[in-house]
Every structure is written in C-alpha cells, then in structure tokens.
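Biologist: I've just opened this model and would like a close look at one part, with whatever surrounds it. Could you pick a starting point and take me through it?

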Amino acid sequence: MSKTRKVAVIDDDQVFQLIIKKQIEMKNFDCEILSFYNGQEAFDFFKANADDAEKLPDLVMLDVNMPVKNGWDFLQDYQTLPAEMRKKISLYMVTSSVIQSDIDKANDNENIISFVSKPITNEKLEEVFA
C-alpha cells in the first residue's frame, strides 16, 4: 500500500487554496493537504514537527507574496532546519509573480526544485506530482 503524500500549500490566497485542492482531487492524487496562509504559520509548523517526519509534508507549494512572512523570508528560516529533513521535501515556488528577479532567485535557491507560474495547468500539476 502506498503512503498518502502530504502536500503543504503556503499561500495567502484563499481562492488559490480552494482551486489547487480541487485540481488535486480531480486528478485523484492520493494526498493530504496542509494549508498555511503565510510563511510564519508554515515555518512554525515545520519547526514544531522537525522531529516527526510523519507530520511533515513531502511536497510544498510556496507563494512569494504573502503577509506576515513572505516566501523569501520563509525560505531563509527554512534553511535553518536540519538538512536531513529538507532533503525529504520537494519545494516548488508557485506564484503569480512574473518579476525576473524572483524567477532568478528561485532558480538559484538550492531548496527550490522549480518556479511554477499561477495559474497551474493540469499538465504542470502532473509534473509536480510525478
């Protein structure tokens, strides 16, 4: 039996949170979705569960622009978490930002697998979940 994948969606946009959940459901991906509405909420969760890999997500979809703690601030804190923990998490920067410096910064970050533009197409979602 395959393990249910945990997906963390870190995005302050409630509409995006709803849409991505519906897309995942329609694709029948076996996963549990953890929703966070800013980078601080997410980092607090990661830090509190750093010793319990079962609670941590396998995949993260991280927005750039959020209140309280944006995606870049989250990544700065994320870097302080144990390397062994970070290795097990696939992190994608998912944003509507088309600012080239954001794209370059994401591509240069060792923790980010890929920069994904919103809205996410079903094809791109399949790539992320592959």
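Modeller: Let's start at Pro119, in the loop between S5 and helix H6 (122-129); helices (H or I, at least four residues) and strands (E, at least two) are DSSP runs, numbered from the N terminus. Bear in mind that this is a predicted model, where local features need pLDDT of at least 70 and side-chain atom pairs count only at pLDDT 80 or more, while totals for chains, interfaces and linings use all residues. Residues are numbered from 1 along each chain as its sequence is written, and side-chain values use heavy atoms, with hydrogens and water left out.

Most peptide bonds are trans, and most residues other than glycine have a negative phi. Asn28, in the loop between helix H1 (14-26) and S2, has a positive phi of about 60 degrees without being a glycine. Val68, in the loop between S3 and H3, is another non-glycine with a positive phi, near 65 degrees. Asn28 is exposed at 68% relative accessibility, and Val68 is exposed with a relative accessible area of 68%. Buried here means under 20% relative accessible area, exposed over 50%, and partly exposed in between (1.4 Å probe, protein chains only).

Two strands count as paired if DSSP finds at least two bridges between them, and S1 (residues 5-10) and S2 pair over 6 bridges. Within that pairing, Lys6 stands opposite Glu32 in S2, and Val9 is opposite Ser35. S1 is largely enclosed by the rest of the structure, because 5 of its 6 residues are buried.

Next, the helices around the sheet. The axes are lines fitted to C-alpha atoms, for helices over the stretch in contact, and angles run from 0 to 180 degrees between N-to-C directions. Contact means heavy atoms within 4.5 Å.

Look along H3 (residues 71-78) and you'll find Gly71, Trp72, Phe74, Leu75 and Tyr78 buried. They cover an arc of only 155 degrees around the axis, which puts them on the same side of H3; the arc is that of the directions from the helix axis to the C-beta atoms. The N-terminal end of H3 is capped by Asn70, with a side-chain oxygen 2.9 Å from the backbone nitrogen of Trp72.

H2 (residues 39-48) has Gly39, Ala42, Phe43 and Phe46 as its buried residues. Seen down the axis, these fall within an arc of 95 degrees, so they line one face of H2. They pack against S1, S2, S3, H3 and H4. At the start of H2, a side-chain oxygen of Asn38 reaches to within 2.8 Å of the backbone nitrogen of Gln40.

H4 (residues 83-87) contains Arg86, which is buried, with a relative accessible area of 13%. Leaving aside neighbours within four places in sequence, Arg86 touches Tyr78, Gln79, Leu81, Glu110 and Asn111.

H6 packs with H1 at an angle of about 75 degrees, the axes 11 Å apart. The two are therefore roughly perpendicular; angles of 65 to 115 degrees get that label, under 35 is roughly parallel, over 145 roughly antiparallel, and the rest oblique. Ile20, Gln23 and Ile24 of H1 make the contact with Asn122, Leu125 and Phe129 of H6.

Note on methods: Polar contact = N/O pair within 3.5 Å; in protein donor to acceptor, adjacent residues only side chain to side chain.
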